[in-house]
Amino acid sequence: MQQAIPYKDLLPAATTAANSGITKLVAENPVVVFARSGCCMCHVIKLLLQGHGVNPTIFDINEQNEAATIDEFSKIIDNPEEIADRPPPPFPTVFVGGNLLGGLDEVMAAHISGELVPLLRKAGALWL
Amino acid sequence: MNFASTQFVPSRRMGICEPLPQIGMWSDYKENNYLDTSTPAILEVDSRFDNQQLRRLAQNREAARKCRLRKKAYVQQLENSKLRLMQLEQELERARQQGLYVGGGLDTGQLGYSRTTNPGIATFEMAYGHWVEEQNKKTADLRNALCSDITDLELSSFVDDGMNHYFDLFLMKETAAKADVFYLMSGMWETSAEHFLSWIGGFRPSELLKVLEPHLGPLTEKQSLELSNLKQSCQQAEDALSQGLERLHQILSETVADGLLGEGNYLPQINAALEKLKAMVRFVGQADHLRKETLLQISRNLNNRQAAQGLLALGEYFQRLRVLSSFWTSRPRESS
C-alpha cells in the first residue's frame with residue numbers, strides 16, 4: 001500500500017517557512033518518487049520498483065508546490081546543479097536511501113546494469 | 001636435448017599451429033604417425049611463448065578458419081540472392097509496363113507520407129537512408145575483420161564503432177521524435193518486416209538478446225548467467241514501459257472524451273490532450289535509452305570477439321529483415 005502524501009500535510013503552520021518535510025520524507029523512507037500527478041513515467045518507475053518487491057513512497061507534485069520542492073532538493077543533494085541543469089520537467093525524481101538516484105533514465109540504467117537491487121537492499125527497501 | 005630457438009617440435013599437446021619451414025607444413029603431419037612416435041615429454045619450447053598464449057593463438061586461428069568457411073557460404077548465398085533479385089526486377093519492370101503494378105519498387109516500402117510538410121522528418125529520412133548504407137558497409141567490414149588475423153585491440157575498435165553507430169541512430173530518432181513522434185511510432189521509416197517486429201519505435205531488446213545468444217560462440221557459465229539475468233531485466237523494463245504507455249492511452253482517451261455532448265467549445269480538452277501527447281516523445285526516448293543500455297550491458301559481459309560476432313549477427317539479422325520486406329513488397333500478385 002502506498003500513499004501519495006499531499007503537500008499541505010507536511011507544511012508547518014507558517015507556509016512561507018522553509019519546509020523540512022521533504023528532507024524528512026527522503027531521510028525516513030527508503031525509496032521516494034517525486035512526480036506530477038498522473039504522470040505516466042512515474043507509473044513506469046512504480047511498476048519497475050514493485051517488480052523488485054519495493055513499494056515506493058510517491059510525492060505528488062503540482063503547480064503550487066513545484067518550485068518549493070525543487071528548492072528543497074538543492075538543500076538535500078550534494079550537487080544541486082544535477083537537478084537545475086536538467087531541462088524541465090526534472091520529474092519524476094527518485095531518491096533511494098536518502099540519496100538522489102535520478103530520473104527514469106538513471107533508474108532504467110541501474111536496473112539493466114544490475115546496480116539497482118544492491119542499492120535498494122542497502123537502503124533497506126527490500127524484505128529479502 | 002636442446003632445441004634451437006627457431007625450431008619447434010610439432011607436439012599436439014602444445015597446440016602449435018605455426019608453419020614449420022624447416023620441417024614442412026603442419027598439415028603434412030596431422031594425419032600420419034609422426035605425432036605418435038614423438039613423445040609429449042619433449043617440451044622444451046622457445047621462451048618467447050608460454051602454453052596459454054599458444055593455446056590462445058590456436059583458438060584464434062581456428063575461429064578465423066571457421067569464419068572464413070562461413071563467409072564462403074554466405075557469399076555463395078549472396079550470389080544466389082542476387083540472381084533472384086535480378087529475376088524479380090525483370091518481372092516488376094514487365095508488370096509495370098503493362099500497368100499492372102503501381103508502387104515504389106524494390107526499396108524500403110515507405111508509404112506516401114507527405115514528408116515535405118515536415119522538414120525535421122525529411123532530414124531524418126535522408127539521414128536514416130545514409131545510416132542504413134553505412135550499416136551495411138560496417139557489417140561487411142566486420143565480417144572481413146573476423147575472418148582475418150586481426151588483433152584484439154583492432155577488434156575492440158570495430159566493436160566500439162559498431163555500437164556507436166547504433167547510438168547515433170538513437171540520437172537521430174530523438175531529434176525526429178521532437179519533430180513528429182507519430183511518424184516514428186508508425187514505423188513509416190522502417191521496412192514492413194522491421195516494423196512488424198518492433199516495440200515502441202524500434203527493436204525489442206529482449207528479443208534481440210534471444211536472436212544474438214546462439215551466435216556469440218561458447219559462453220562461460222558466468223556469461224550465460226549474466227545474459228539470462230539481462231534478458232529478465234529487459235523484459236521487466238519493457239513490461240513497465242508498455243504498461244505506462246497503456247496508461248497514457250487511457251488518460252488521453254479520457255482527456256479527449258471529457259465533457260462530450262457539452263456546450264460545443266472543447267478547446268480546453270484539446271489543449272489538455274496536447275499536453276498529454278508530449279509524453280509520447282518521452283516514451284520513445286525511454287525505449288531507445290533501454291536499447292542503448294542493453295547493448296552496453298551485453299558488451300560489458302563479452303570479450304571482444306564475442307561482441308564482434310554479436311554485432312555481426314545483429315547487422316545480418318536486420319539486413320535479412322530489410323530484404324524480406326523488399327521481397328514481400330515485390331512478390332507476384334495472384335490474379336483472381
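**View 1. Strands 3 and 4 of chain A, paired in this predicted model.** Strand 3 of chain A covers residues 93–96 and strand 4 of chain A covers residues 99–102. The two run antiparallel to each other, with three bridges holding the pairing on record.

**View 2. The turn of the hairpin in chain A.** Strand 3 and strand 4 of chain A make a hairpin, and two residues sit between them. Gly97(A) is in that turn, and its phi is positive, at about 60°.

**View 3. Where chain A meets chain B.** Chain A brings 19 residues to the contact, and chain B brings 22 residues. Put together, the two chains bury about 1,700 Å², with 67% of that on carbon and sulfur atoms. On the chain A side, keep an eye on Cys40(A), Met41(A) and Ile112(A): this trio supplies 35% of the area chain A buries against chain B, more than any other three residues.

**View 4. Polar pairs across the interface of chain A and chain B.** Polar contacts do turn up, though: five residue pairs across the interface, both partners at pLDDT 80 or more.

**View 5. The side of chain A that touches chain B.** Helix 3 (40–51) and helix 6 (104–113) of chain A are the elements that each give two or more residues to this side. Sorted by type, its residues come out as twelve nonpolar, six polar and one charged.

How values were computed
Residues are numbered from 1 along each chain as its sequence is written. Chains are lettered from A and ligands numbered from 1 in the order in which they are written. This is a predicted model: local features need pLDDT of at least 70, side-chain atom pairs count only at pLDDT 80 or more; totals for chains, interfaces and linings use all residues. Side-chain values use heavy atoms; hydrogens and water are left out. Contact means heavy atoms within 4.5 Å. Buried area is the accessible area (1.4 Å probe) that two parts lose on being put together, summed over both. A polar contact is a pair of N or O atoms within 3.5 Å; within protein, one must be able to donate a hydrogen and the other to accept it, and residues adjacent in sequence count only if both atoms are side-chain atoms. Helices (H or I, at least four residues) and strands (E, at least two) are DSSP runs, numbered from the N terminus. Ala, Val, Leu, Ile, Met, Phe, Trp, Tyr, Cys and Pro count as nonpolar, Asp, Glu, Lys and Arg as charged, and the others, Gly among them, as polar. Two strands pair if DSSP finds at least two bridges between them.
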